[in-house]
Amino acid sequence: MAPNFRFAVVSDLHIALPHTIWDHPSRFHLVEVSIPAFESAIEHLTQLNLDFLLLPGDLTQHSEPENHLWLQERLAKLPFPTYVVPGNHDVPVVIANEQSIGFADFPHYYRKFGYENPQQLYYTHQLLPGVRLIGLNSNFFNEDGEQVGRLDAEQLKWLEEVLAAAGDELVLVMVHHNVVEHLPEQSRHPLGKRYMLENSAQLLEILRRYGVKLVFTGHLHIQDVACSQGVYDITTGSLVSYPHPYRVFEFQQDNYGREWLQILSHRVETVADFPNLQHFSRQWMGDRSFPFLVKLLTQYPLNLPLADAENLAIGLRDFWANIADGDALLDYPHFPPAVRRHIQTYGAIASGIPTLIDNNSTLLLGSGPWSVVSGE
């Protein structure tokens, strides 16, 4: 039996020392707050008697060596063990260049944070008696040299061997790309599919076969809890994007052997130079959302004419901020019916009923395909 324990997830830090900040007028990431926001989250988390901390990728802005070194040194000072996996921003190139470390270099920076074997970009570690972490690398370079989300065959084979040896341990999986869809038809949507593993179905089949129930992801920069046939994918928003969230989890087993996971979400409300970070960041996202919204409306499945899409996009200024918030309730009654219905599918409505589980909820694990005991 796994013990009761408490842990946290902070995702998509995009750490950028001030002199390394890449500036572009249309960037969504508010990397100016990466370090102070991380420090704010850590200040809170060090008060909670955590058993460990998980960081599911995009640790740095663009994999700059000095940003990796800063984070490596900061994590070494934390009072609890910390485990990381690489995001697409952490391994953007196979061979190191003037800006970024190389693909194979990543584990060498994080030998104290999961990568005891620096020759491999994935690992397993016993967190506590009866509790095992599997950290996966979801970054893959295809034949054209393009970086995509995928687990290679060698890693999948290794994963099956680890799970077979795990026996009755509670297994937590951490990987950057999404494993379960968090957006409507995400695995085939032109905008959403790049945030998912290309072979997520293959991974899910393995996880179900070995009874793995919990996967922790990032990449999408939204607060969302999704489930596929008993496997929960809990994705956590980015610390440098609205609403600057992080999560605290409590795992417990009751006297009947049932497993419970309580999810509590927190936000960084203020940092130096940004006294009202939440308001500023929401405006920042809205100011940069128009091109994204036009793509959303002109591509599958709506395929609206450009002029119609541009007209409607103005009224959707806060759409992505609402999605990032989690538990979004979306309705645009003045929109054309087909567009209105499609936009509603992005919200927290299941069978016509609001299901507010993305930020604060309690899950009863292993009791069916979807078992939320309580939400907000």
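Mentor: A helix here is a DSSP run of H or I with at least four residues, and a strand is a DSSP run of E with at least two, both numbered from the N terminus. This is a predicted model, in which local features need pLDDT of at least 70 and side-chain atom pairs count only at pLDDT 80 or more, while totals for chains, interfaces and linings use all residues. Residues are numbered from 1 along each chain as its sequence is written, and side-chain values use heavy atoms, with hydrogens and water left out.

Trainee: Where does Asn 49 lie?

Mentor: Asn 49 is not a glycine, yet its phi is positive, near 55°. With 63% relative accessibility, Asn 49 counts as exposed; exposed means over 50% relative accessible area, buried under 20% and partly exposed in between, with a 1.4 Å probe and protein chains only. Asn 49 lies in the loop between α1 (34-45) and β2 (52-55).

Trainee: Is His 219 buried or exposed?

Mentor: His 219 is not a glycine either, and its phi is positive at about 75°. The loop between β9 and β10 holds His 219. Its relative accessible area is 6%, so His 219 is buried.

Trainee: What is the order of the strands in the open sheet of six?

Mentor: Two strands pair if DSSP finds at least two bridges between them. The pairing in the open sheet is mixed. Its order is β4-β5-β8-β9-β11-β10.

Trainee: Which strands stand at the edges?

Mentor: A strand at the edge has a single partner strand, so one side of it is left without a neighbour in the sheet. From one strand to the next, the twist averages 25°; axes are lines fitted to C-alpha atoms, for helices over the stretch in contact, and angles run from 0 to 180 degrees between N-to-C directions. The edge strands are β4 (123-128) and β10.

Trainee: Which residue in β8 stands opposite Arg 132?

Mentor: Strand β5 (residues 131-135) and strand β8 (residues 170-174) are joined by five bridges and pair in the parallel sense. Opposite Arg 132 stands Val 171.

Trainee: How many residues lie between β10 and β11 in their hairpin?

Mentor: Strand β10 (residues 224-228) runs antiparallel to β11, with five bridges joining them, and Asp 224 stands opposite Thr 235 in β11. In the turn, Gln 229 has a positive phi of about 50°. The number of residues between β10 and β11 is two.

Trainee: Which residue in β11 stands opposite Leu 214?

Mentor: Strand β9 (residues 214-217) runs parallel to β11, and four bridges join them. The residue opposite Leu 214 is Tyr 232.

Trainee: How many of the five residues of strand β11 are buried?

Mentor: Val 231, Asp 233 and Thr 235 point one way, whereas Tyr 232 and Ile 234 point the other way, and all are buried. Strand β11 (residues 231-235) is largely enclosed by the rest of the structure, because the buried count is five of the five.

Trainee: What is the volume of the largest pocket?

Mentor: On a 1 Å grid over the protein atoms alone, a cavity is a set of points where a 1.4 Å probe fits but cannot get out, and a pocket is an open set with protein on both sides within 12 Å along at least five of seven lines; lining residues have an atom within 4 Å of a point. Points are joined across faces, edges and corners, and a volume is the space filled by probe spheres set on the points. For the largest pocket the volume is about 1,300 Å³.

Trainee: Which residues are closest to the centre of the largest pocket?

Mentor: The largest pocket is lined by 44 residues. The closest to its centre are His 29, Leu 191, Arg 194, Tyr 195 and His 219.

Trainee: Which element gives the largest share of the lining of the largest pocket?

Mentor: The elements that give two or more residues to this lining are β7 (147-149), α7 (290-298) and α9 (319-325). The largest share is four residues, and it comes from α7.

Trainee: How many charged residues are in the lining of the largest pocket?

Mentor: Ala, Val, Leu, Ile, Met, Phe, Trp, Tyr, Cys and Pro count as nonpolar, Asp, Glu, Lys and Arg as charged, and the others, Gly among them, as polar. The lining has 19 nonpolar and 18 polar residues. The charged residues number seven.

Trainee: Where is Pro 301 found?

Mentor: The peptide bond from Tyr 300 to Pro 301 is cis, with omega near 5°. Pro 301 is found in the loop between α7 and α8 (306-313).
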